[in-house]
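Subject: Structure handover

Hi,

Here is the structure I said I would pass on. Please open it beside this email while you read.

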Amino acid sequence: MSVRPLVLALFLVVTSAPHAWAEQRGQAKEQVEFGIQVAQRGLWKEAIYRWERATQLDPTYAAAFNNLAVAYEHEGQLAKAREAYEKALAIEPNNALVRQNYDLFKEINDRAAQKDGAQS
Amino acid sequence: MTARLRKTALSLSLGLVAALVACTSYIEIPIETPIQPKLDVSAFQRIFIAGFIAGANEDVDANMETVRLLRSQLRNKGVMRVIDADTLPLLEVAKQSGEASTPPVPDPQAATPPVQEPDPNKAPVLNEEKDLEPYNHIFANVAYWKRIGEEFQQPLIVTGTVLFAPQQRSGFVQREQEVYDSFGRRQVVPVRTYMERKGFVLRPTFIFIDGRTGETLHTETFREEILYNANQQTPALSSYFELMDRLLPAFLNTLSAQKIKGTRTLLK
């Protein structure tokens with residue numbers, strides 16, 4: 001019983017993992033950039049589809065979650081927006097731009113939530 | 001030589017700026033967030049701003065101004081047909097229904113002289129929240145509102161209280177001040193100064209009543225205030241409109257969907 005094939009397999013896994021990760025990030029980035037293009041033309045539903053794909057391809061891509069949150073906000077899906085912002089911040093807690101978006105979102109979300117509290 | 005150097009530096013910096021812009025990994029984008037109405041008003045075709053129990057400022061008739069403003073805003077919005085009728089004499093109704101002005105029963109054994117009763121023809125002083133409390137029972141008078149509803153073909157009725165009162169406050173305020181250093185460079189620095197300030201506080205409570213049943217559907221209370229330098233003379237009516245302006249979007253959002261405009265950053 002030779003351990004050679006096992007070592008070889010392990011070597012292949014270790015060396016190909018960063019490559020696979022880079023490829024997935026690359027694909028996710030393409031989806032994110034396409035999403036931005038369509039969002040700029042007002043096609044927010046298509047943008048949501050693209051950014052959802054990006055988060056599936058690379059669940060560690062904070063920008064994809066941030067953009068998805070913005071799109072959900074634009075569509076009035078505030079619970080989903082909050083979830084996406086929180087994921088983006090969990091990945092990149094020090095990202096000032098995501099934090100700024102989230103703070104602005106919270107202002108609106110609090111306003112919308114006030115209605116339930118004010119109701120008699 | 002110097003001119004050439006300057007030209008080179010300028011083109012270099014322009015190139016740097018262009019490169020930075022090209023490499024920008026974020027984009028600002030305008031968004032409009034829709035906020036759903038707080039109240040389902042699909043059952044109503046008409047709305048009646050019935051009037052408010054108001055007080056506290058002799059220069060502004062908070063009842064009439066609020067009725068006028070809300071009616072015109074709702075007309076512009078076109079959510080429902082706005083009923084143009086006289087406002088209801090709510091104070092009188094509240095008094096007549098007895099609970100607001102129940103006179104205290106005099107105690108014959110009491111040694112203290114009887115307190116002089118207030119003149120019933122004189123308008124009551126409504127300076128504070130607690131002054132409005134004795135009249136609040138009118139809003140829970142289901143039979144009264146049902147009757148009003150029948151009179152106006154069962155609209156959505158908007159009523160409540162409006163307190164618009166002057167206020168004065170003094171204390172330390174942080175403000176920004178321009179300063180110039182020894183090289184003549186302008187700087188803005190925060191400065192804490194003691195100031196006497198005066199202004200107004202607006203505290204309306206809007207009560208939405210179902211004209212079919214007379215029951216309260218929704219109640220909403222707001223509080224807005226404005227303060228000026230003590231030497232600034234701002235008419236009470238201007239302050240009233242400035243404060244109403246701030247809370248009108250929230251009032252309108254009770255009846256119809258609103259879109260809140262903003263800007264967000266998309267990342268690459």
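Below are my notes on helix packing, salt bridges and the contact between the chains.

One caution to start. This is a predicted model.

**Chain A: H3 against H4**

Start with helix H3 (residues 62-74) of chain A and helix H4 (residues 78-91) of chain A. Their axes lie 8 Å apart, and the packing angle is about 160°. Angles over 145 degrees count as roughly antiparallel, so H3(A) and H4(A) are roughly antiparallel to each other. The crossing of H3(A) past H4(A) is left-handed.

Which residues meet here? From H3(A) come Ala62(A), Phe65(A), Asn66(A), Leu68(A), Ala69(A), Val70(A), Tyr72(A) and Glu73(A). From H4(A) come Leu78(A), Lys80(A), Ala81(A), Ala84(A), Tyr85(A), Lys87(A), Ala88(A) and Ile91(A). Sorted by class, the H3(A)–H4(A) contact holds 12 nonpolar, one polar and three charged residues.

**Chain A: H2 against H3**

H3(A) also packs with helix H2 (residues 44-57) of chain A. Their axes come within 9 Å and cross at roughly 150°. That makes H2(A) roughly antiparallel to H3(A). The crossing of H2(A) past H3(A) is left-handed.

On the H2(A) side, the contact residues are Trp44(A), Ile48(A), Trp51(A), Glu52(A), Ala54(A) and Thr55(A). H3(A) brings Ala64(A), Phe65(A), Asn67(A), Leu68(A), Val70(A), Ala71(A), Tyr72(A) and His74(A). By class, the H2(A)–H3(A) contact has 10 nonpolar, three polar and one charged residues.

Phe65(A) is worth a click. Phe65(A) is in the contact with H4(A), and Phe65(A) is in the contact with H2(A) as well.

**A salt bridge within chain A**

How many salt bridges are there over all chains? The count comes to 19. One of them pairs Asp58(A) with Arg25(A), with the closest N and O atoms 2.4 Å apart. Asp58(A) sits in the loop between H2 and H3 of chain A, and Arg25(A) in helix H1 (residues 4-40) of chain A, so this pair ties together parts 33 residues apart in sequence.

**Where the chains meet**

Interface size is often given as the accessible area lost when the parts come together. For chain A and chain B, the buried area is about 2,300 Å². Carbon and sulfur atoms account for 65% of it. The contact takes 33 residues from chain A and 26 residues from chain B.

How many salt bridges link chain A and chain B? The count is one. Glu73(A) forms a salt bridge with Arg264(B), and their closest N and O atoms are 2.5 Å apart. Glu73(A) is also one of the H3(A) residues that meet H4(A).

**Chain B: H2 against H6**

Last, look at helix H2 (residues 62-77) of chain B and helix H6 (residues 236-255) of chain B. They pack at about 45°, with axes 11 Å apart. H2(B) and H6(B) are therefore oblique to each other. Their crossing is right-handed.

H2(B) contributes Ala62(B), Glu65(B), Thr66(B), Leu69(B), Leu70(B), Gln73(B), Leu74(B) and Lys77(B). H6(B) contributes Leu237(B), Tyr240(B), Phe241(B), Met244(B), Leu248(B), Phe251(B), Leu252(B) and Leu255(B). By class, the H2(B)–H6(B) contact has 12 nonpolar, two polar and two charged residues.

Best wishes

Key:
Residues are numbered from 1 along each chain as its sequence is written. Chains are lettered from A and ligands numbered from 1 in the order in which they are written. This is a predicted model: local features need pLDDT of at least 70, side-chain atom pairs count only at pLDDT 80 or more; totals for chains, interfaces and linings use all residues. Side-chain values use heavy atoms; hydrogens and water are left out. Axes are lines fitted to C-alpha atoms, for helices over the stretch in contact, and angles run from 0 to 180 degrees between N-to-C directions. Helices (H or I, at least four residues) and strands (E, at least two) are DSSP runs, numbered from the N terminus. Angles under 35 degrees count as roughly parallel, over 145 as roughly antiparallel, 65 to 115 as roughly perpendicular and the rest as oblique. A crossing is left-handed if the near helix is turned anticlockwise from the far one by less than a right angle, and right-handed if clockwise. Contact means heavy atoms within 4.5 Å. Ala, Val, Leu, Ile, Met, Phe, Trp, Tyr, Cys and Pro count as nonpolar, Asp, Glu, Lys and Arg as charged, and the others, Gly among them, as polar. Buried area is the accessible area (1.4 Å probe) that two parts lose on being put together, summed over both. A salt bridge is a side-chain nitrogen of Lys or Arg within 4 Å of a carboxyl oxygen of Asp or Glu.
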